[in-house]
Amino acid sequence: MSGAASAPAPFVPALPRLTTTVPREYVHRAAVAEVLLTGWRRQAEDRFRVTAQWPRGHSFFTPLQGLRHDPMLVAETVRQIGSLLAHAEFDVPLGYQFLMWHLDYSVVAERLVLGDAPAELELDVVCSHVRRRGGMLAAMRYEVVLRRDGEVAATGSASYTCTSPEVYRRLRGPLPPGPPAPLGAPVPPRAVGRLSPFDVVLSAEAEGGPGRWLIRADQRHPILFDHPVDHIPGMVLLEAARQAACALAPYPAISPTALTGTFRRYAELTSPCRIEAERDEEDASGSWVTRVNGHQDGELLFTCSVTALGHTASPADPSGYC
């Protein structure tokens, strides 16, 4: 059969793989900008590979002295992983409530140095102590190894329980009446490793001495209170512990290299939450541990230990910011 040959199809280059964030609902954030996770895949029944990206700058998780990513980004990344996997892989419906029982991390400080682009991260996650109730996930623990450029930059773990909205309402019961607890004046920002009073979560307690504060749970804060809640979020309690460690530090700037937090119950918004902290002596490596307890209504609320390494402020950032 004769006829003119058809023209070859034009060459179309393959599109590069595009990066996006996971659904914000999966990590319990209202602001898309606060979603750190970018993807996930199951590798085995209880093993997952999660990807994340940290920005070079952040309005709250401010780079330490402008040189390193804030280690508290590890804590927030670990927290987000738990809710992501619950919804995306363990079939927990959106709207279920989560109660974190513990969260910890440990970082390799030199692998948190800021680069010339956002940090691209791979996180290997192993789930354990998976407990179900009526076929639905009720509790889980997970371990995380965070790698940057193929090198381990941090490790962490967390455990939580989750409940349906109906069970949550029964467990919580009637919420304490009254307005939120008074905020109190913030302690000087640079005393707790902050630049803005708005980011300070500690205020001086009228009857307190050294190592004693009240938590300032300012619900107007767009990061710490990303969406309406009926209790003080666990990340606020961990930030209070970090700021307490900064306040007791013997140096103008510290690197919080490890943190372990254990939560006993919900922190109510309507009652004062008292923070007590004590610092160990510096060891031969130049690091020390600050132990923090939080009490509310006469009961132990949470405990936290913060391991820090002291250093002086860099010439590029003479503020001494933690």
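The legends below accompany several close-up views of one predicted model.

**View 1. The largest nonpolar core and the surroundings of V125.** The largest nonpolar core of this model holds 76 residues, among which W54, I81, V125, Y142, Y160, L202 and I275 touch the most other members. Helix α1, which covers residues 72–88, gives the most to this core, with 9 residues. When residues up to four places away in sequence are not counted, V125 touches D46, R47, F48, V50, I81, L85, Y142, E143 and V144. There is also a second, separate core of 5 residues, and its members include C246, I254, W288 and A308.

**View 2. V192 in its loop.** V192 belongs to the loop between α2 (165–172) and β7 (202–204), and because its relative accessibility is 1%, below the limit of 20%, V192 counts as buried. Leaving aside neighbours within four places in sequence, the residues in contact with V192 are V187, V200, L202, Q243, C246 and A247. V192 and A253 are 61 residues apart along the chain, while their C-alpha atoms are separated by 9.5 Å.

**View 3. Salt bridges between charged side chains.** Side chains of opposite charge can pair when their charged atoms come close, and a search of the whole structure finds 17 salt bridges. One of them joins the side chains of R141 and E143, at 2.8 Å from N to O; R141 is partly exposed at 27%, and E143 is partly exposed at 34% relative accessibility. Another joins R172 and D230, at 3.6 Å from N to O, and this pair links distant parts of the chain, 58 residues apart, with R172 in helix α2 and D230 in the loop between β8 (212–215) and α3 (234–247). R172 counts as buried at 13% relative accessibility, whereas D230 counts as partly exposed at 23%.

View 4. In the salt bridge between E299 and R265, the closest N and O atoms are 3.2 Å apart. Because E299 lies in strand β12 and R265 in the loop between β9 and β10, the pair ties together parts that are 34 residues apart in sequence. Elsewhere, salt bridges that share partners join R49, E122, D124 and R147 into one network.

Terms used:
Residues numbered from 1 in each chain as written. Predicted model: local features only at pLDDT ≥ 70, side-chain atom pairs only at ≥ 80, totals over all residues. Heavy atoms only, no water. Core = buried A, V, L, I, M, F, W, Y, C linked by side-chain atoms within 4.5 Å. Buried < 20%, exposed > 50% of the residue type's maximum accessible area, 1.4 Å probe, protein only. Helix = DSSP H or I, 4+ residues; strand = E, 2+ residues; numbered from the N terminus. Contact = heavy atoms within 4.5 Å. Salt bridge = Lys/Arg side-chain N within 4 Å of Asp/Glu carboxyl O.
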